[in-house]
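Student: I have a model open and would like to learn how to read it, feature by feature. Could you walk me through it?

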Amino acid sequence: MNLVDAIYHRRAIRNYLETPVEDEKIRFVIAAAIQAPTAMNRQPWSFVVVTDRAALASFGDRARAHMLATLTESSLLGDYRQMLSSPSYRVFYNAPALILICATAPDAMAKQDCCLAAQNLMLAAHGIGLGTCWIGLAQSWLQRPEGKDALKIPADHVAVAPLLIGYPATAYAAPPRHPPHITWIEG
Ligand SMILES: Cc1cc2nc3c(=O)[nH]c(=O)nc-3n(C[C@H](O)[C@H](O)[C@H](O)COP(=O)(O)O)c2cc1C
């Protein structure tokens with residue numbers, strides 16, 4: 001797939017086929033993730049792969065309960081209370097797998113490196129017919145001791161990018177982009 005096509009046609013996928021993702025495809029997208037540039041070439045990342053669907057569903061329920069218990073109306077996510085309260089809402093959309101990218105250091109650059117790895121992973125997945133969705137709603141629970149314990153995340157690692165991965169069951173249209181604000185300093 002042409003790189004620009006991949007950039008334009010990748011979508012956040014929220015409906016997945018039951019089909020499991022092959023282990024070699026999981027390894028393929030992680031291999032693509034680690035091609036991302038990193039500050040000082042530290043490569044400060046680790047990966048957790050969850051393919052146990054029952055465990056993933058349970059982690060999603062726990063993440064949702066944590067969000068509902070900690071959301072405040074004034075928080076950035078306050079508007080999501082109603083959605084999260086719906087009994088049918090699944091934080092992980094019944095996806096067959098999750099790949100969590102963690103930073104192995106707490107500084108901002110390590111987290112930025114993990115975000116670049118995440119975009120590589122999502123584009124590589126799209127290139128081989130897989131869909132992905134970054135689930136920010138799970139992040140705060142994953143960073144809690146309970147979340148770290150459940151996903152075997154070392155205490156000193158930071159959960160940065162929880163990425164669902166699976167075969168898309170629905171094709172999505174691109175949400176329109178706002179025109180970019182560009183300041184152009186010409187010589
Ligand atoms: C940091 C981050 C957090 C996100 N969290 C969620 C989430 O919790 N649940 C969800 O359904 N989508 C989530 N998304 C996906 C965005 O909603 C999606 O990327 C955006 O609507 C644009 O759509 P597109 O990816 O198809 O272009 C997240 C994306 C990013 C980058």
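This is a predicted model: local features need pLDDT of at least 70, side-chain atom pairs count only at pLDDT 80 or more; totals for chains, interfaces and linings use all residues.

Student: What is the phi of Lys152, and where does Lys152 lie?

Tutor: Lys152 has a positive phi of about 55°, although it is not a glycine. Its place is the loop between H7 and strand S4 (158-166).

Student: Let's zoom out. How many helices and strands are there in the protein?

Tutor: The protein has seven helices and four strands. Along the sequence their pattern is α-α-β-α-α-β-α-β-α-α-β. The radius of gyration is 17 Å, close to the 16 Å that the globule rule gives for 187 residues, so the protein is as compact as a globular protein of that length. Along the principal axes, the C-alpha atoms fill a box of roughly 55 × 35 × 35 Å.

Student: What can I say about burial and contacts overall?

Tutor: Of the 187 residues, 32% count as buried. For contacts, take those between residues at least 6 apart in sequence: 84% of them join residues at least 24 apart.

Student: How do I read the faces of a helix?

Tutor: The general idea first: an α-helix has 3.6 residues a turn, so residues three or four places apart point the same way. Now take helix H3 (residues 53-70), which has 18 residues and reaches 26 Å from its first C-alpha to its last, close to the 26 Å expected at 1.5 Å a residue. Its buried residues are Leu56, Phe59, Gly60, Ala63, Arg64, His66 and Met67. Seen down the axis of H3, these buried residues fall within an arc of 165°, so they line one face of the helix. Ala54, Leu68 and Ala69 are exposed on the other side of H3.

Student: What do the buried residues of H3 pack against?

Tutor: Their partners are strand S1 (45-50), helix H4 (81-85), strand S2 (97-103), helix H6 (139-143) and helix H7 (145-150).

Student: And how about H5?

Tutor: Helix H5 (residues 108-127) has 20 residues and spans 29 Å from first C-alpha to last, close to the 28 Å expected. Among its buried residues are Asp113, Cys114, Leu121, Met122 and His126. The cover over the buried residues of H5 includes helix H1 (3-9), H2, S1, S2, strand S3 (131-134) and S4.

Student: Which residues are around the ligand?

Tutor: They are Arg11, Ala12, Arg14, Cys133, Trp134, Ile135, Gly136, Leu137, Tyr172, Ala174 and Pro175. By class, this shell has eight nonpolar, one polar and two charged residues.

Student: Is Leu137 buried or exposed?

Tutor: Leu137 is buried, with 20 other C-beta atoms within 10 Å. This residue lies in the loop between S3 and H6. Leaving aside neighbours within four places in sequence, Leu137 is in contact with Ala63, Met67 and Val91. Two of those, Ala63 and Met67, are also listed among the buried residues of H3. The C-alpha atoms of Leu137 and Pro162 are separated by 9.1 Å, though the two are 25 residues apart along the chain.

How values were computed. Residues are numbered from 1 along each chain as its sequence is written. A residue is near a molecule or strand if its C-beta atom, placed from the backbone, lies within 6 Å of it. Ala, Val, Leu, Ile, Met, Phe, Trp, Tyr, Cys and Pro count as nonpolar, Asp, Glu, Lys and Arg as charged, and the others, Gly among them, as polar. Helices (H or I, at least four residues) and strands (E, at least two) are DSSP runs, numbered from the N terminus. The radius of gyration is taken over C-alpha atoms; the globule rule is 2.2 Å times the number of residues to the power 0.38. A residue is buried if 20 or more other C-beta atoms lie within 10 Å of its own, exposed if 12 or fewer, and partly exposed in between; C-beta atoms are placed from the backbone. Two residues are in contact if their C-beta atoms, placed from the backbone, lie within 7 Å. The expected span of a helix is 1.5 Å times one less than its number of residues. The arc is that of the directions from the helix axis to the C-beta atoms.
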